[in-house]
Amino acid sequence: MSKSNLEWQQDSTQNQKPPLSLQNVYVNYGTRKGNVQAVRGVTLDLYAGESLALIGESGSGKTTLGLSIVRLLASTAKVEPGTIIYRRDQREVDVLKLSTSELRQFRWRDCAMVFQSALNAFNPVLRVWDQVLDTAQAHGWSDRTAVRERFLDLLKFVQLDPTRVINAYPHELSGGMRQRTLLAISLLLEPQILILDEPTTALDILTQRTIIGLLRRLKEEQHFTMIFISHDLAIAAELADRVATMYAGRIVEIGKTYDLFYQPRHPYTLGLIRAVPTVLGGFEELFSIPGSPPDLVNLPSGCKFHPRCSFATDKCKQQEPELEEVGERHFTACWHWQDVEKELELHPIRRGAAKHDALAQTTVEVR
Amino acid sequence: MVPIIELKNVSKFFGHGKERVTAVDSISLAVEPGEIVCLVGESGCGKSTTGRMAAGLLPVSAGQVLFDGKDIAQMNRDELQTYRRAVQIVHQDPYASLNPTQTIRDIITAPLLHHKKVKDRTHAEKRARELLEIVDLTPVHDFMDKYPHQLSGGQRQRVSVARALTVEPKFIVADEAVSMVDVSIRVSLLNMLSRLKNEFDVTFLFITHDLALAKYFAWQGRIVVMYLGRMVEEGPTPRLITDARHPYTQALLAAVPEADPELAQHKRQIELRGAEIPSLLHLPLGCTFHPRCPYIVEGQCDVHVPRLEAIREGGSVACPVRKDESIQLVV
Ligand SMILES: Nc1ncnc2c1ncn2[C@@H]1O[C@H](COP(=O)(O)OP(=O)(O)OP(=O)(O)O)[C@@H](O)[C@H]1O
Ligand SMILES: Nc1ncnc2c1ncn2[C@@H]1O[C@H](COP(=O)(O)OP(=O)(O)OP(=O)(O)O)[C@@H](O)[C@H]1O
Ligand code: SF4
Ligand SMILES: [Mg+2]
Ligand SMILES: [Mg+2]
């Protein structure tokens, strides 16, 4: 799998164009209560070999954005306006204009998505092997022996017992095994881009670590281009090169992982970081964000975060800020990002590892 | 001090014959009044079963549950009623436990009137307002006439806490009470619970699979780690987090994804010998962690069930091999 991927890597560094570019993408769901504005004007470039984490709370539009890239949105959803450009081998297509048959090819070969709920992604009455074969054949890969060999290799890669899994029905596998099987299937056709929606949510801690380990190997050894979608900041901290924070359907901040975690410029990103404890790394006081997430049918005026924001002024109530460059490859949509910067000078964000050492020493002294 | 709740060699079996499993295996745990004890461990290790037995919602298969020093199996009706009221459970999914056809007003006033905690409707109304205030559902008048489905997950969880408070409990089992709530509001729920502990002398058994939450909530208290129905380690939270001794506790701490890139980079990786958690139907002999443990001593760990032994640094560890060995988890 690495070969074609690496070749692609070189191509893209030569012509520098990102494999995926989203331009001003909007997604609405028509519901009885009204129009749910799930994604509102997302512009995003995904570069070859990078892993990007999309973080944000429940309902912020992360899954919707992922689904819009692979065109698997519910029929009630409308993508308008917006363009999603996909590039591979000098080829350039607008994903939103692909025909049904082109889409089928695109979904597994070019861009594969691993879903939030691993169980629903399987057909419950088919053994794993039959599903794999179906997927392969639908893409014109009919050499059963070759498919089987490759899939067995992939199962080994995701640290599963190949002979056991290949003949199993989905319900015979634990949640962690299903998630890993799904990851193996998604790699079958060597996609250029992998989108993983909540890859570790609802799994036990030790299983989460196994999955994180696997994704790290995909990233570091095979230089896969990946998007991780998660409400869990830890996934971003563990795996991402770049992080994008979503709030009310918008990317409100995007930047390199270290910048986002230690030098955030958006009050919402800062709020999330200050609300989440670490396990190791000392005892830290935590703060919650007041209020609750917005109603996507009746969004607040101006900056959608203003009702919960401690930096908000009248301007925030009236005008919605656009993403603005605040550092190297670091963008924030906040009128008052400089105030956030000042706030962080006064109260810097922990450096986890250093704190932990200090704490360990104090407990030794206390003894 | 007399523990408010004490479990003495409590076990729970489910099923019969070949299907019989030991979901909780001989747990002993005493919770002092005002203490915060946190039960952690992976899915299926017996946390909820233990919590339900402590709250008297599930009969024990063996052992005793003591409330204020008295065995609940020996209690008369009045004593049992006192115990039942004094101990309340708050569940993970408040939606399932709140009646969707009742307004918040009804949900809170009904138990007040039923348990004769107030004279009449007017007093019930007044008390309901106070309780909603305590759980930070303010302004109260915005919430009284709403139905559960009109509230967010975090707000519903506050309602179920307010409802638990109607009977003036002394002991609350909070079973994954904040796990389903968005991160941005989780902390305020936790802080609200801490306040109840301080202002209303409520003692907490806090159940969670999230070690970071356990650490934050129980920093002044104790963490108990369970694996396959047994207690494997227990101790004051700061000790347990910075100087865990049981190989399973260490593996958990090392495995937890950290919301801090620096820490994520510097965490030690612990390789276990086996990835899959054994089924309760086929429990390994001896220490049930031995098939996965990197420190196994053959002929010992796979034969003898380790007992919890106290360690000098605080708490106790069920691993004679490693109980006196510290390791660094941040490198
Ligand atoms: N099929 C649908 N019909 C109507 N509304 C929908 C549909 N799918 C999602 N939504 C709404 O769109 C918004 C964004 O949902 P989405 O699933 O993208 O959020 P998310 O960030 O992935 O959240 P979570 O963390 O809960 O998975 C939510 O308000 C959701 O209720
Ligand atoms: N009523 C029951 N009948 C049969 N088995 C049960 C019953 N309740 C629990 N069990 C089993 O007992 C074991 C312990 O379950 P318990 O719910 O206490 O675990 P837990 O630690 O709370 O897990 P989780 O983190 O998933 O909530 C599990 O194997 C479970 O399947
Ligand atoms: S624009 Fe205003 S309301 Fe929005 S995040 Fe910035 S300060 Fe807060
Ligand atoms: Mg989602
Ligand atoms: Mg449970």
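Reader: Which residues come nearest to ligand 3, of the 13 around it?
Author: This is a predicted model, in which local features need pLDDT of at least 70, side-chain atom pairs count only at pLDDT 80 or more, and totals for chains, interfaces and linings use all residues. Residues are numbered from 1 along each chain as its sequence is written, chains are lettered from A and ligands numbered from 1 in the order in which they are written, and side-chain values use heavy atoms, without hydrogens or water. A residue counts as near the ligand if one of its heavy atoms lies within 4 Å of it. Of the 13 residues around ligand 3, those that come nearest are Cys303(A), Cys309(A), Cys316(A), Cys334(A) and Trp335(A).

Reader: How far apart do the C-alpha centres of domain 1 and domain 2 of chain A lie?
Author: The bounds come from an automatic or database domain assignment. For chain A this gives domain 1 (111-190) and domain 2 (265-361). The distance between their C-alpha centres is 40 Å.

Reader: Are the residues of strand E8 of chain A buried or exposed?
Author: Strands are DSSP runs (E, at least two residues), numbered from the N terminus, and buried means under 20% relative accessible area, exposed over 50%, partly exposed in between (1.4 Å probe, protein chains only). On one side of E8(A) lie Ile193(A), Ile195(A) and Asp197(A), on the other Leu194(A) and Leu196(A), and both faces are covered. Of the five residues in E8(A) (residues 193-197), five are buried.

Reader: Which residue in E9(A) does Asp197(A) stand opposite?
Author: Two strands pair if DSSP finds at least two bridges between them. Strand E7 (residues 111-114) of chain A runs parallel to E8(A) with four bridges, and Val114(A) stands opposite Leu196(A). Five bridges join E8(A) to strand E9 (residues 225-230) of chain A, also parallel. There, Asp197(A) stands opposite Ile229(A).

Reader: Which peptide bond is cis, with omega near -10 degrees?
Author: Most peptide bonds are trans. Pro81(A) is placed in the loop between strand E4 (77-79) and strand E5 (83-88) of chain A. The cis bond runs from Glu80(A) to Pro81(A).
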